[in-house]
Amino acid sequence: LRFADRDASFPTATGTEGETAFEIKTLLSGTGLVTIDPGFGNTAACRSDITYIDGAAGILRYRGYPIEELAQQATFLEVCHLLLRGELPKPGQLDAFAAELTAQSALPEGFERVIDAFPSGTHPMITLAAAVNALAAFHTENADPTDDDQVERATIALLAQLPAIAARIHRTSAGLEPVATDSSLAYVENFLNMTFGKTEGEKGPDPLLAKAMDLLLTLHADHELNCSTSTVRVVGSSGATVFASVAAGINALSGPLHGGANQAVLEMLEQIQNTEGGIDTFIEQVKDRESKTRLMGFGHRVYKNFDPRSREIKKLAQEILNQPGANDPLFDLALQLEERALSDSYFVDRKLYPNVDFYTGVIYRALGFSTEMFTVLFALGRLPGWLAHWHELRKDPDTRIARPRQLYTGPAQRSVAAR
Ligand code: MLT
């Protein structure tokens, strides 16, 4: 408004705030010189010390550490410590952190009933969001978001117990008996053990499986202000508990354009497999904007270059799926689809590259997860990021309750009598 007032060539707008903003927006965008982002002033905009992304250069760092280095040289638990406490842990600190989580890894007594109450066929993300929300009722002694000690205990409880929740959801939806937590196992191994059970004679899950799971969780640990993280911050800004805020984030993640995309990629690959003309026909459908067919797992709002996570995930997919006997035709199809898309100017000109979701589905499938569990695994990885954002917001003295701006675009005042 100030800009418009200053420039003699623009009339000073009058009217209500909503109408004025709308007029000015129309006026300015009509010049072609200015674009007004309707998200400007949205409460999602924030300062944060956690994650840095340069989408044009394809850079992602957690607290300054490049994601590639963390993927290759740190474990998921170390990354959780980094995100939550600001630093990679020293060996003694890591042991203490792991012990804190192990001590709380079992579900609270009676909580199982919450998960088991859902009808069979319920999507795991529905159960997961409801379970995390309900967890607050089992941690009432740590429910005061203004008390530092309680908040810390609630945070550790949620991080410690999400694997048991996710594993129980996996087993109940597959009609399998739940497996109890095993305090002799490390965080990721314990999750895999609760999910798949112990193989006869083995001490824990297959090390390659554990390594793959650890890496996938690490690569999903944070991604600054995406849809779910901004949801966690918005809900958290009202003073809601960490359980309520994270449950809201899980719901945001469930959509096919966010965390649900890895499930959608696999469904797309299955659809291509069953389409006459295969990849070529599918690519033509995508290019025909009218058909509304989307190349799932490709393109990203912030990356106009390779998503650095997708390179690591592709390497992992090759390691897992090139093992003897592990062949998956959907992986071969994904490789061909990527090659085909990246050699087509339609996708290259639009800077559409594979994103984090493109190869995760084929890996999860190789690890033995059902397609509907994929987004639950994303949530398990993203939890430390959500928690770190919730804490950052809570500690910031400038935090105010979220109140997104809206630009009113409806009719001006009307009279009911004149209808
Ligand atoms: C994510 O990791 O959250 C996704 O890439 C979505 C996003 O960042 O917008």
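Helices (H or I, at least four residues) and strands (E, at least two) are DSSP runs, numbered from the N terminus. By that definition the chain comes to 19 helices and 3 strands. This is a predicted model, in which local features need pLDDT of at least 70 and side-chain atom pairs count only at pLDDT 80 or more, while totals for chains, interfaces and linings use all residues. Residues are numbered from 1 along each chain as its sequence is written.

**Overall organisation**

- Of the 419 residues of the chain, 41% count as buried; a residue is buried if 20 or more other C-beta atoms lie within 10 Å of its own, exposed if 12 or fewer, and partly exposed in between, with C-beta atoms placed from the backbone.
- Among contacts between residues at least 6 apart in sequence, 72% join residues at least 24 apart, two residues being in contact if their C-beta atoms, placed from the backbone, lie within 7 Å.

**Nonpolar core**

- The largest nonpolar core has 104 residues, of which L128 and V246 touch the most other members; such a core is a set of buried Ala, Val, Leu, Ile, Met, Phe, Trp, Tyr and Cys residues joined through C-beta atoms within 7 Å.
- Not counting residues up to four places away in sequence, V246 touches V132, L158, V232, L383 and W386.

**Helix pairs**

- The axes of α7 (residues 124-135) and α12 (residues 242-253) come within 7 Å and cross at roughly 170°; axes are lines fitted to C-alpha atoms, for helices over the stretch in contact, and angles run from 0 to 180 degrees between N-to-C directions.
- That angle makes α7 roughly antiparallel to α12, since angles under 35 degrees count as roughly parallel, over 145 as roughly antiparallel, 65 to 115 as roughly perpendicular and the rest as oblique.
- In this pair, M125, L128, A129, V132, N133 and L135 of α7 make the contact with F243, A244, V246, A247, I250 and N251 of α12.
- Helices α8 (residues 148-173) and α9 (residues 187-196) have axes that come within 8 Å and cross at roughly 20°, and α8 and α9 are therefore roughly parallel to each other.
- The residues in contact are P163, A164, A167 and H170 of α8 and Y187, N190, F191, M194 and T195 of α9.
- The crossing of α8 and α9 is right-handed; a crossing is left-handed if the near helix is turned anticlockwise from the far one by less than a right angle, and right-handed if clockwise.
- For α11 (residues 227-236) and α19 (residues 374-395), the axes come within 9 Å and cross at roughly 35°, again in a right-handed crossing.
- On the α11 side, S228, T229, V232, R233 and G236 meet R382, G385, W386, H389, W390, L393 and R394 of α19.

**Helix α15**

- Helix α15 (residues 308-321) has 14 residues and reaches 20 Å from its first C-alpha to its last, close to the 20 Å expected at 1.5 Å a residue; the expected span is 1.5 Å times one less than the number of residues.
- P308, R309, S310, E312, I313, A317, I320 and L321 are the buried residues in α15.
- These buried residues pack against β2 (59-62), α3 (67-73), α10 (207-219), α16 (329-342) and α18 (360-367).

**Positive phi angles**

- Most residues other than glycine have a negative phi.
- R63, which is not a glycine, has a positive phi of about 45°; R63 lies in the loop between β2 and β3 (65-66) and counts as partly exposed, with 18 C-beta neighbours inside 10 Å.
- K351, likewise a residue other than glycine, has a positive phi near 55°; its place is in the loop between α17 (345-349) and α18, and with 14 C-beta neighbours inside 10 Å K351 counts as partly exposed.

**Individual sites**

- H81, in helix α4 (residues 76-85), counts as buried because it has 22 C-beta neighbours inside 10 Å.
- Leaving aside neighbours within four places in sequence, H81 is in contact with L88, P89, Q93, L94 and F97.
- H81 and P384 are 303 residues apart in sequence, yet 8.4 Å apart in space, C-alpha to C-alpha.
- T275 is placed in the loop between α13 (261-273) and α14 (278-287) and is partly exposed, with 13 other C-beta atoms within 10 Å.
- Beyond its neighbours within four places in sequence, T275 is in contact with T281 and F282.
- E284 lies in helix α14 and is partly exposed, with 13 other C-beta atoms within 10 Å.
- The C-alpha atoms of E284 and H300 are separated by 21 Å, the two residues being 16 apart along the chain.
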